[in-house]
Amino acid sequence: MVKKKYLSIRRMSQTESKDNIIIHENEGVPLKRRLGFVSGVALIVGTIIGSGIFVSPKGVLTNTGSVGLCLIVWCICGVVSLAAALVYAELGTLIPLSGSDFSYMLKAFGSFPAFMYTWTQLFIYPGAQVIKGLTVAQYLGKAVFDDCGPTDATLKLIAAVVVLTSGITNCISVRLAASVQIIFTILKLIGLATIIGGGILMLSRGTVGSLPTGLEGSVDNPTSIATAIYSGLWAFGGWNQLNFVTEELKNPRRNLPLCIITSVLLVLVVYLMVNVSYFTVLTKEEFVSSWAVAATWAEYVLPGAVVIIPITVACSVYGSMNGSGLIVGRILFATARVQLFPECLSYLNVNTNIPVPSTMLISILAFALIMPSDIRSLLNMLEFLKWFFYGLGMIAHIVLRYRMKDVDRPLKVPIVVSVVVLAFSIYLVVAPFLEPVKIEFWYAVGFLVLGAILYVPFAFFKLGLPGMDYINTFVQMMTQSAPPQEIAI
């Protein structure tokens, strides 16, 4: 077994360190800074552009009722995501520690909200990986199998293999995961450029599809609009991914905000152009009835190469899954490092400096969710939980602006931005309960209640389960890991 050694990090004055931390070397397993600007942009863009732009358009149109309102919702989702991303860019440079929301909430509010955030991630990220794995399986199935397609069991088997390969990649090497991310980001951008180019070509030929219908058929139900926004925001999910690996990013004070702003603006422009391309070719009825909008679009524009679109989509979604897999283990790692989760989840592999135990746990939980999964219900639950905590993140920004007012900030976002995003998140959390509530939202509330109950004995009173010392030893030996640096936030 690797001998335990701990490394301490203490707060410093501005003259001591740009990153506000000092690391006493040779006393433990540190995190290494291996991600640069290109890798950072690839991580964010590659994670954002995944299943969302291929799964969400149908949900956005169905719940808005019109082409015009659909495009407006996409713009709203992009602007809100950019505003929230700017706030998180400031928080990430203010508290340059891995774990994103967990670290910010721990500093602003204490252990309970921070614990609850990580507790929800035990469902959110495995659930997101399941959605992406099933999407990859569905599109690969359309490319490989005949018109009847694969069986449900076959789809879930393919999804399980996809989840497994992504987990293995992210356990082996950060450089390998970053390289895979860059490759798949390039592939997906080429695929989306093809869709955009096809739309421009069709417009030049006078084909306008459903674009002239404008706002015809728009809904005015707040719950339906909120559901549409959930679908759109799912497609933008990932704008805060780089915050989870801040301690592994080179020059985070410069690269973190620059990567976030560049990535979100790029994605917003791409998404709007892709949706316009869809509407240029398809009617609203074809759009809503399609099993996959991109594939239906390809049947009209690229009939001789229609198989390319499913393969492109599969590559795109896999890249997003790989990006999520790279960062998700860091949430559990950051929580366990301050003793709010089991100690073994904080261990870092002594050769790769990767939190292998926590990364493996997410893959295991994703496996458990594959069999009973329903994509639409999972999506609603995940977005509800995510925006509940994004709202808390906005409050944390306001609190820390005054609590840490003398700390140097390379980026200072106006408080009004946080207030607007907070109001938006409150709407998203409350709106589903204004009409007959779908069962998945009650499941989400129940999950929060269960987490609050578990916090009392295991996090507040620090009670351990019987045999945890043996489990920690076993995990340490099996994953060749050791305890990480101690930190003081």
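Does Glu90 count as buried or exposed, and at what relative accessibility? Glu90 counts as buried because its relative accessibility is 1%; buried means under 20% relative accessible area and exposed over 50%, with partly exposed in between (1.4 Å probe, protein chains only). The model is predicted, so local features need pLDDT of at least 70 and side-chain atom pairs count only at pLDDT 80 or more, while totals for chains, interfaces and linings use all residues. A search of the whole structure finds five of them. In one, Glu90 pairs with Arg401, with the closest N and O atoms 2.8 Å apart. Glu90 belongs to helix 3 (residues 67–94) and Arg401 to helix 14 (residues 375–403), so this pair ties together parts that are 311 residues apart in sequence. Helices here are DSSP runs (H or I, at least four residues), numbered from the N terminus. Both partners, Glu90 and Arg401, are buried.

Glu90 also forms a salt bridge with Arg409, at 2.9 Å from N to O. This pair links distant parts of the chain, since Arg409 sits in the loop between helix 14 and helix 15 (415–430), 319 residues from Glu90 in helix 3. Arg409 is buried, with a relative accessible area of 12%. Taken together, Glu90, Arg401 and Arg409 are linked in a network of salt bridges.

Another salt bridge joins the side chains of Arg330 and Glu248, at 3.0 Å from N to O. Arg330 is in helix 12 (residues 308–337), and Glu248 is in the loop between helix 8 (222–236) and helix 9 (252–281), so the pair ties together parts that are 82 residues apart in sequence. Arg330 and Glu248 are buried.

Helix 15 can be followed from its length to its faces. Its 16 residues should span 22 Å at 1.5 Å a residue, and the end C-alpha atoms are 23 Å apart, which agrees; the expected span is 1.5 Å times one less than the number of residues. Which residues of helix 15 are buried? They are Ser418, Val421, Leu422, Phe424, Ser425, Leu428 and Val429. Seen down the axis of helix 15, these buried residues fall within an arc of 165° (taken from the directions from the helix axis to the C-beta atoms), so they line one face of the helix. Val416 and Val420, on the other side of helix 15, are exposed.

Gly391 and Ser425 are 34 residues apart in sequence, and their C-alpha atoms are 5.4 Å apart. Gly391 is located in helix 14 and is buried, with a relative accessible area of 4%.

The last topic is helix packing. Two packed helices are described by the angle between their axes and the distance between the axes. Helix 3 and helix 15 pack at an angle of about 130°, with their axes 9 Å apart; axes are lines fitted to C-alpha atoms, for helices over the stretch in contact, and angles run from 0 to 180 degrees between N-to-C directions. That angle makes helix 3 oblique to helix 15, given that angles under 35 degrees count as roughly parallel, over 145 as roughly antiparallel, 65 to 115 as roughly perpendicular and the rest as oblique. The crossing of these two, helix 3 and helix 15, is left-handed, meaning that the near helix is turned anticlockwise from the far one by less than a right angle. The axes of helix 7 (residues 174–204) and helix 9 come within 8 Å and cross at roughly 45°, and helix 7 and helix 9 are therefore oblique to each other. Helix 7 passes helix 9 in a left-handed crossing.

Technical notes:
Residues are numbered from 1 along each chain as its sequence is written. Side-chain values use heavy atoms; hydrogens and water are left out. A salt bridge is a side-chain nitrogen of Lys or Arg within 4 Å of a carboxyl oxygen of Asp or Glu.
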